[in-house]
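Hi,

Here is the structure I promised to pass on. Have a look at it first, and my notes on what turned up follow below.

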2 protein chains.
Amino acid sequence: MSAPTNGTVVTHDELANSIRALAMDSVEKANSGHPGMPMGMADIATVLFTKHLKFDPADPHWPDRDRFVLSNGHGSMLLYSLLHLTGYPQITTEELKNFRQLGYRTAGHPEYGHADGIETTTGPLGQGLATAVGMALAERLMAAEYGEDLVDHYTYVFAGDGCLMEGISHEACSLAGHLKLSKLIVLYDDNDISIDGSTALAFTDDVVERFNAYGWAAVRINGHDADAIDRAIATAKNSDRPTLIACKTIIGKGAPTKAGSEKSHGAALGPDEIKGWREAAHWHYAPWEIPEKIYAAWRAPISRNRQIHEEWAQRLAKFDRKAEFERRIAGGLPEGTDKTIADYVAKLKADKPKWATRKASQEALKVLTAAIPEMIGGSADLTHSNLTNTPSTTPLELPTFKGRYVSYGVREFGMVAALNGLTLHGGVIPYGGTFFIFTDYARSAIRLAALMGIRTIVVATHDSIGLGEDGPTHQPIEQLASFRAMPNVLMLRPADAVETAECWQIALESTKRPSILALSRQEVPTLRTEPGTENLSRKGGYVIYGKKDDRELTILSTGTEVTIAIAGAKLLEEKGLKVAVVSLPSFELFDEQDEDYRAQVLGKAPRIAIEAASTFGWTRYVETDKHVIGMRSFGASGPIDKVYKHFGITGEAVAELGLKVAKN
Amino acid sequence: MSAPTNGTVVTHDELANSIRALAMDSVEKANSGHPGMPMGMADIATVLFTKHLKFDPADPHWPDRDRFVLSNGHGSMLLYSLLHLTGYPQITTEELKNFRQLGYRTAGHPEYGHADGIETTTGPLGQGLATAVGMALAERLMAAEYGEDLVDHYTYVFAGDGCLMEGISHEACSLAGHLKLSKLIVLYDDNDISIDGSTALAFTDDVVERFNAYGWAAVRINGHDADAIDRAIATAKNSDRPTLIACKTIIGKGAPTKAGSEKSHGAALGPDEIKGWREAAHWHYAPWEIPEKIYAAWRAPISRNRQIHEEWAQRLAKFDRKAEFERRIAGGLPEGTDKTIADYVAKLKADKPKWATRKASQEALKVLTAAIPEMIGGSADLTHSNLTNTPSTTPLELPTFKGRYVSYGVREFGMVAALNGLTLHGGVIPYGGTFFIFTDYARSAIRLAALMGIRTIVVATHDSIGLGEDGPTHQPIEQLASFRAMPNVLMLRPADAVETAECWQIALESTKRPSILALSRQEVPTLRTEPGTENLSRKGGYVIYGKKDDRELTILSTGTEVTIAIAGAKLLEEKGLKVAVVSLPSFELFDEQDEDYRAQVLGKAPRIAIEAASTFGWTRYVETDKHVIGMRSFGASGPIDKVYKHFGITGEAVAELGLKVAKN
């Protein structure tokens with residue numbers, strides 16, 4: 001390492017070392033964190049942020065900024081250091097000093113929403129990379145719609161060995177290669193170290209060959225050679241394919257004894273190592289002390305970027321669809337959407353179709369995608385089962401990126417991570433379909449959407465044993481309960497065509513959390529035919545059939561089993577019992593209603609529940625698990641009617657249990 | 001296609017067409033299923049089963065049989081046809097006629113346990129392949145232990161485009177390449193078709209180049225050329241690397257208009273197509289009619305295999321460790337294991353260590369892995385966090401496959417699928433570690449273990465917000481509830497070192513379901529110091545502190561929060577309240593106890609619960625969610641004490657809520 005200069009010229013090493021110092025010192029104070037990655041990738045980050053990245057700390061949400069994603073999120077101090085050094089006002093020295101402390105923005109892993117400049121939450125490995133694929137796709141979709149005068153930016157990703165070992169990296173990068181997302185540039189921290197030690201323990205892929213197989217441009221460079229980094233990024237920016245730059249680096253670079261070892265990966269280095277680093281690097285500043293000239297050098301690129309930003313703003317000001325562009329970026333729906341939905345619901349109530357709820361979803365989507373041009377459909381290779389396509393969502397065409405329907409391939413996890421990236425980028429409202437059972441594959445991406453609080457919409461069809469012959473591997477049992485247990489997810493299971501339309505409205509309106517629509521393969525009648533267009537599903541639960549007051553039994557249900565509950569209720573009425581059936585399309589929304597409303601819906605009479613799914617969690621509303629008709633095992637392969645009967649999920653069973661419970 | 005011969009010579013085409021006919025006719029009768037894949041892969045299957053596969057329908061569990069895995073499990077009729085034609089007695093013509101019908105062995109997807117010859121349940125794409133990697137690893141581990149005289153077989157996999165698009169194929173095949181599992185042979189159905197149509201819609205990987213990058217041997221052949229198939233398999237059997245044979249095939253081969261199209265993929269072909277196929281193939285037999293000479297030709301290889309089997313049995317009979325080999329294959333534990341555990345538990349009760357339960361797990365594993373040589377440890381790159389290694393589990397060495405600890409890399413899903421394959425192969429008892437949060441990545445493999453009913457053991461450390469600084473991306477919230485909702489899983493969360501040892505005993509004994517041990521990063525005292533070595537955790541729940549009778553409040557809890565519950569109980573006792581604390585290491589085991597026992601443990605007094613996790617599902621045991629101290633949001637990054645306090649999970653909160661509830 002060269003010594004710092006005395007004059008006003010700031011060297012690359014000084015810039016990179018300012019990252020290293022901040023990362024080491026903050027991890028040391030927290031006595032927790034990962035110094036090795038920021039120290040190893042400091043040179044790459046320095047070149048990217050000072051020579052290439054298009055960003056403006058004064059307007060961090062500028063729609064045409066380059067996106068930067070730290071997929072190896074444990075190296076969060078790299079990002080916080082960069083945001084601090086380049087002048088994002090929220091990441092103060094005080095924040096750095098309180099790294100990983102409760103109530104500060106500088107969490108252990110970068111948390112979307114904690115601070116500007118954090119484009120997505122990362123930490124679960126591989127997902128940042130997969131989310132970035134969605135961002136890069138959004139860029140192309142928006143460019144196709146609004147032109148490159150307004151949308152023309154890169155998506156940069158830092159990723160580590162762990163990211164590239166994870167399966168999701170395959171799904172995401174295979175998809176990115178297929179789509180030729182040439183403005184996606186991944187800088188791979190090829191440091192030969194993972195937590196357990198040398199990557200030779202478990203990981204001997206030829207990564208460059210692998211990415212070539214995906215149709216990427218892939219090169220190897222020395223990740224500590226600033227010129228090589230600069231040249232590789234410059235080349236990547238002009239590639240016709242996505243680029244992987246495998247940067248050979250030394251983890252914990254500069255730490256006297258721990259550099260190049262897993263010992264620098266996930267723990268504070270200790271005072272001796274830090275002292276030794278300071279001496280070798282000629283870094284004679286106190287912890288968190290950054291000389292003004294170094295700050296100035298970090299912030300020098302801002303004037304260049306600000307000019308680009310200014311020119312962009314002038315182009316936008318003159319753009320004839322400026323209002324639409326801005327509305328889409330802000331995430332609001334087109335004016336008149338509510339009326340569009342209300343008119344459609346009114347028609348449903350008149351027509352009373354007998355549809356599978358997946359079919360009801362497609363019919364709703366026909367109306368919605370026609371009215372909302374930013375809706376982008378897609379499926380993980382189950383389009384004709386999920387019924388996620390409509391006349392408006394024409395297939396995506398390459399290389400123009402015209403079209404509004406993405407074939408994600410058999411890549412459920414990659415799809416939902418891409419949905420997250422599309423959503424985070426802004427300007428589009430994506431939804432993606434798969435079988436409900438395969439949300440198991442995508443679960444961690446749905447969780448990240450919930451944690452970030454973003455509008456990711458998953459269409460999950462074949463939502464129960466009602467799918468029949470495909471059998472237990474394909475029949476969801478515990479998925480409803482498992483998402484009800486997940487914070488900040490709207491788990492929606494509509495009972496008929498009307499509720500399906502209502503749930504779509506809810507999903508579109510819910511900008512601060514993801515929604516999952518669980519939809520049936522089998523047909524159900526339209527149950528909701530009352531006049532008016534109030535969206536009753538918004539309340540999560542309501543009396544859909546029978547007596548509101550004076551009842552002797554309440555039957556709770558969701559989805560396709562509401563029809564069965566009503567059949568059971570009718571049998572009970574024949575026996576003279578006063579019954580109400582409550583449809584509960586969303587536990588979450590129902591629990592958010594005031595106590596009076598909930599008490600009124602649930603009533604004072606004994607309650608039973610029926611749902612063709614794990615009974616787990618229904619004791620939230622009924623006294624005991626014994627009062628729940630549902631699944632206590634996996635399903636079975638067979639025609640739907642036989643399967644429902646086999647598991648005792650029938651109107652007769654409702655009547656039998658209801659009579660017993662009401663009489664007690 | 002050539003015409004059938006009139007004599008006794010049976011051609012390859014006749015053999016392959018017998019598969020096609022059975023598949024077409026069974027799907028047609030069920031009016032449900034996937035004819036295209038069996039028709040496309042019939043030639044490959046014919047060559048494999050008649051010329052290469054080592055198996056014996058008369059002893060389908062012969063330990064040294066080749067393993068055959070149909071990873072593209074929707075083509076289940078291929079497997080059922082093969083089992084029927086080669087003489088597995090369970091798959092009768094009656095079974096084929098009742099394909100996908102309730103109560104028959106011939107489910108929509110192959111279900112492990114339904115019939116001999118089904119080596120694993122498949123359907124969720126990619127997982128069969130990943131499970132096969134575990135089988136192939138088990139073969140090498142057993143060969144290293146017992147020699148190739150007793151263990152020397154191949155693992156064959158059929159896989160489709162969907163399998164290779166799924167992320168898990170990356171994890172599994174990268175691992176297999178790293179381990180140089182040269183006896184793993186994958187026959188890839190490279191038919192250019194997936195459900196939505198041409199794979200060109202979404203999948204343009206160079207698969208051969210990709211697998212070369214993993215260190216595999218990968219070749220391309222014509223999947224309808226019997227000689228080419230034969231040669232490629234013969235070459236693969238002598239490879240020093242795992243082999244991928246990309247077989248270019250025509251989906252639905254021979255169907256007049258639907259061959260080569262997604263129309264033959266997932267629905268009955270219809271009578272016209274079947275008639276046309278019969279004519280073109282000169283197949284003049286009635287549905288399910290197979291001439292004796294064709295049966296005979298299918299079964300001819302059996303005599304060769306039976307001789308191999310017989311020679312193997314003779315070698316085993318002379319083997320000096322025959323009893324141990326047979327015990328390990330049968331899955332029983334070594335004699336004396338119970339006493340080993342009892343002695344260890346007695347020592348714990350005397351020593352009263354203050355350990356994190358992950359540390360308690362490692363200490364238990366030290367004892368267990370010393371006593372049980374078939375235990376094979378491992379971690380998804382978190383060994384020193386999961387504490388899954390012991391002095392007995394020396395690292396796996398290549399190419400000898402000596403050693404008992406597998407570095408699975410950052411591949412949680414691939415790891416658990418491999419654990420399933422190791423378990424299914426038999427002879428080893430594998431366990432694998434990761435953070436509890438990353439069971440989200442592996443969830444579908446855990447589900448398959450539960451569905452199959454096999455002893456897969458997952459060590460899931462850092463089991464709550466108690467992990468502290470890593471923050472909400474790493475803090476499990478809903479994972480406990482989500483596994484409690486999953487059928488046939490033992491979700492174990494021990495409270496101290498004694499319960500941890502007990503839970504390990506339970507996991508090892510539970511041969512018919514998987515276990516997940518949720519273990520803490522933070523320390524807890526030894527709570528269980530009573531005399532005796534009864535494994536109380538086997539009952540799922542029991543009074544761990546305080547009054548059994550005559551109580552005014554019962555506090556339910558699990559894991560590290562049992563210590564907090566007891567702290568709260570002591571505060572309440574100071575106020576004169578009679579309190580019991582119940583530890584519930586397993587909801588499942590507790591629910592399996594008789595009503596009397598459960599009533600006695602739960603008591604008649606009001607109940608509250610405390611767990612540092614989603615409160616969802618606790619209403620199973622307490623009256624209302626309001627009586628649960630737990631998480632109703634994601635966690636936060638910060639030191640553990642502050643995080644627990646921030647979310648109100650404290651002894652003081654227990655006392656406050658307890659007082660309120662008891663007094664009502």
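Before the notes, one term: contact here means heavy atoms within 4.5 Å. Please also keep in mind that this is a predicted model.

B:Tyr405 and B:Thr383 are 22 residues apart along the chain, with 9.9 Å between their C-alpha atoms. Is B:Tyr405 buried or exposed? Its relative accessibility is 6%, so B:Tyr405 counts as buried.

Next, the annotated sites. The unreviewed UniProt entry places "binding site" at A:His34, A:His265, A:Arg358, A:Ser385, A:His462, A:Asp470, A:His474 and A:Arg521. These positions span 488 residues in sequence and the farthest two C-alpha atoms are 48.5 Å apart, so they do not all gather at one spot.

I looked at two of them. A:His462 is in the loop between strand E12 (457-461) and helix H19 (479-484) of chain A, and at 5% relative accessibility it is buried. Beyond its close sequence neighbours (up to four places away), A:His462 touches residues including A:Arg358, A:Ser385, A:His474 and A:Arg521. The side chains of A:His462 and A:Thr461 are joined by a polar contact of 2.9 Å.

A:Asp470 lies in that loop between E12 and H19 of chain A too, and is buried at 14% relative accessibility. Neighbours within four places in sequence aside, A:Asp470 is in contact with A:Phe435 and, across in chain B, with B:His34, B:Arg100, B:Gly108 and B:His109.

That brings us to the interface. Chain B and chain A bury about 8,000 Å² between them, 56% of it on carbon and sulfur atoms. Each side is listed in the count: 96 residues from chain B and 96 residues from chain A. There are ten salt bridges between chain B and chain A, and one pairing is B:Arg443 with A:Asp440 (3.7 Å, N to O). Polar contacts between the two chains come to 51 residue pairs. On the side of chain B that touches chain A, H18(B) gives the most, with eight residues. By class, that side of chain B has 36 nonpolar, 36 polar and 24 charged residues.

Finally, salt bridges within the chains. Over all chains the structure holds 84. B:Lys183 pairs with B:Asp152, with the closest N and O atoms 2.2 Å apart. B:Lys183 is in the loop between H7 and strand E3 (184-190) and B:Asp152 in the loop between helix H5 (127-146) and strand E2 (155-159), so the pair ties together parts that are 31 residues apart in sequence. B:Lys183 is buried at 11%, while B:Asp152 is partly exposed at 32%.

B:Glu502 forms a salt bridge with B:Arg528, closest N and O atoms 2.6 Å apart. B:Glu502 is buried, with a relative accessible area of 2%, and B:Arg528 is buried with 2% as well.

Cheers

Note on methods
Residues are numbered from 1 along each chain as its sequence is written. Chains are lettered from A and ligands numbered from 1 in the order in which they are written. This is a predicted model: local features need pLDDT of at least 70, side-chain atom pairs count only at pLDDT 80 or more; totals for chains, interfaces and linings use all residues. Side-chain values use heavy atoms; hydrogens and water are left out. UniProt positions are given in the numbering used here, feature names are shortened, and annotations may be inferred rather than shown by experiment. Helices (H or I, at least four residues) and strands (E, at least two) are DSSP runs, numbered from the N terminus. Buried means under 20% relative accessible area, exposed over 50%, partly exposed in between (1.4 Å probe, protein chains only). A polar contact is a pair of N or O atoms within 3.5 Å; within protein, one must be able to donate a hydrogen and the other to accept it, and residues adjacent in sequence count only if both atoms are side-chain atoms. Buried area is the accessible area (1.4 Å probe) that two parts lose on being put together, summed over both. A salt bridge is a side-chain nitrogen of Lys or Arg within 4 Å of a carboxyl oxygen of Asp or Glu. Ala, Val, Leu, Ile, Met, Phe, Trp, Tyr, Cys and Pro count as nonpolar, Asp, Glu, Lys and Arg as charged, and the others, Gly among them, as polar.
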